[in-house]
Amino acid sequence: MIAFVRAHARWLAVAAFAIAMAWLESATVYYLRTLVDRIEPYQPNPLPIQGTLGQVELVREAATLLMLVILGMLAGKTWRARWGYSAVAFGIWDVFYYVFLRAMCGWPRSVFDWDVLFLLPLPWWGPVLAPVSIAVLMIVWGTIVSLPRERLLLTRAAATIWCLSTTGITLALYIFMADSLRQLPQLKSGMVYVLPTAFNWPVFSAALVLMAAPLIAAGVRLGSDWGQTRVRQVV
C-alpha cells in the first residue's frame with residue numbers, strides 16, 4: 001500500500017485536491033440554487049439575474065477552470081504531464097461535483113436529469129450522463145498521458161488521431177450549446193428562452209468515440225506490443 005502511494009503520489013494529490021474542490025463547487029452551487037429557488041436547474045430561467053449575480057457567476061466559472069489548469073501545471077514536470085494532470089483534475093472534479101450535489105440536496109435524481117452545464121459563452125444544456133461520460137474519458141486519458149515516458153508503451157499519436165479527437169470535442173460542444181445557438185436571434189429580440197427537450201444521443205455518442213480516438217489508438221498499440229512480446233517469448 002505504501003509503495004503504491006509513493007508510486008502514484010502526484011496523481012493521488014491531484015485527485016484529492018480535485019475532490020476537495022468539487023465539494024466547494026457543489027456547496028457554492030447548492031447555496032446559489034437555494035438562494036434563487038433553483039435546486040432543479042431545468043427551468044426557463046436557471047439563474048435569475050439579480051443585481052450582479054449573473055456576472056459574478058460567469059467569472060466564478062472561468063476562475064474554476066483556471067484553477068484546474070493551474071493545478072495540472074504545478075503537478076506535471078513536462079507539458080504532456082501537465083495537460084494530463086489538468087484533464088485528471090477536471091474529470092474527477094466534475095464527477096464528484098454531481099456526487100456531492102446528490103448528497104447535499106438529492107439532485108440529480110438520475111443521470112438523465114437535465115443540467116445547465118456552463119454559462120460561457122452561452123448556456124450549455126445536457127443530461128448529467130453526458131458531461132460525466134466526458135469526465136471519465138478525461139480521467140483515463142489524463143492518467144495515461146501523465147505517466148512517465150519510460151512507463152508508457154506508446155509512440156506519439158498521429159496528427160490524424162488528434163484531428164479526430166478535436167473534431168469530437170467540437171461536435172460535443174456544439175451539441176451542448178445547440179439550443180442556445182438556435183434561439184440566440186430570438187433571445188436578442190426579447191423572446192423567452194425555451195428549454196431543450198431532446199438530447200442528440202446518437203451524435204453525442206459519435207463525438208465521444210471521436211474524442212476517445214487517442215485512447216483507442218493507445219489500446220491498439222499496447223495490444224500489438226503485448227502480442228509481439230508473447231511471440232518473442234514463445235520463440
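Leu74 is exposed, with a relative accessible area of 68%. In this predicted model, Leu74 belongs to helix α3, which covers residues 53-75. Together with Leu66 and Ile70, Leu74 makes a nonpolar surface patch of about 320 Å². An α-helix has 3.6 residues a turn, so residues three or four places apart point the same way.

The protein has eight helices and two strands. Reading from the N terminus, the order of elements is α-α-α-α-β-β-α-α-α-α. Of its 235 residues, 40% count as buried. The accessible surface of the protein comes to about 13400 Å², and carbon and sulfur atoms account for 71% of that area. As for the contacts, if we take those between residues at least 6 apart in sequence, 71% join residues at least 24 apart.

I turn next to the charged pairs. How many salt bridges does a search of the whole structure find? The search gives six. One of them pairs Arg33 with Asp115, with the closest N and O atoms 2.9 Å apart. Arg33 lies in helix α2, residues 9-35, and Asp115 in strand β1, residues 114-116, so this pair ties together parts that are 82 residues apart in sequence. Are these two residues buried or exposed? Both Arg33 and Asp115 are buried.

A second salt bridge joins the side chains of Arg109 and Glu40, at 3.0 Å from N to O. This pair also links distant parts of the chain, 69 residues apart: Arg109 is in the loop between α4 (79-105) and β1, while Glu40 is in the loop between α2 and α3. Arg109 counts as exposed, at 56% relative accessibility. Glu40 is partly exposed, with a relative accessible area of 24%.

Arg109 has a further partner. Its side chain meets that of Asp113 in a salt bridge, at 3.9 Å from N to O. Asp113 counts as buried because its relative accessibility is 13%, and buried means under 20%.

Finally, I come to helix α7, which spans residues 201-211. Which residues of this helix are buried? They include Phe204, Ala207 and Met211. Viewed down the axis of α7, the buried residues fall within an arc of 55°, so they line one face of the helix. On the other side of α7, Pro202 and Val209 are exposed. The N-terminal end of this helix is capped by Asn200, which places a side-chain oxygen 3.3 Å from the backbone nitrogen of Val203.

To close, I would set two parts of the model side by side. In α7, by contrast, Phe204, Ala207 and Met211 are buried.

Key. Residues are numbered from 1 along each chain as its sequence is written. This is a predicted model: local features need pLDDT of at least 70, side-chain atom pairs count only at pLDDT 80 or more; totals for chains, interfaces and linings use all residues. Side-chain values use heavy atoms; hydrogens and water are left out. Patches are made of residues with over 30% relative accessible area and no salt bridge: like charges are joined within 9 Å, nonpolar side chains (Val, Leu, Ile, Met, Phe, Trp, Tyr) within 5 Å. Accessible areas come from the Shrake-Rupley method with a 1.4 Å probe; for residues, only the protein chains shown count as cover. A salt bridge is a side-chain nitrogen of Lys or Arg within 4 Å of a carboxyl oxygen of Asp or Glu. Helices (H or I, at least four residues) and strands (E, at least two) are DSSP runs, numbered from the N terminus. Buried means under 20% relative accessible area, exposed over 50%, partly exposed in between (1.4 Å probe, protein chains only). The arc is that of the directions from the helix axis to the C-beta atoms. A polar contact is a pair of N or O atoms within 3.5 Å; within protein, one must be able to donate a hydrogen and the other to accept it, and residues adjacent in sequence count only if both atoms are side-chain atoms. Contact means heavy atoms within 4.5 Å.
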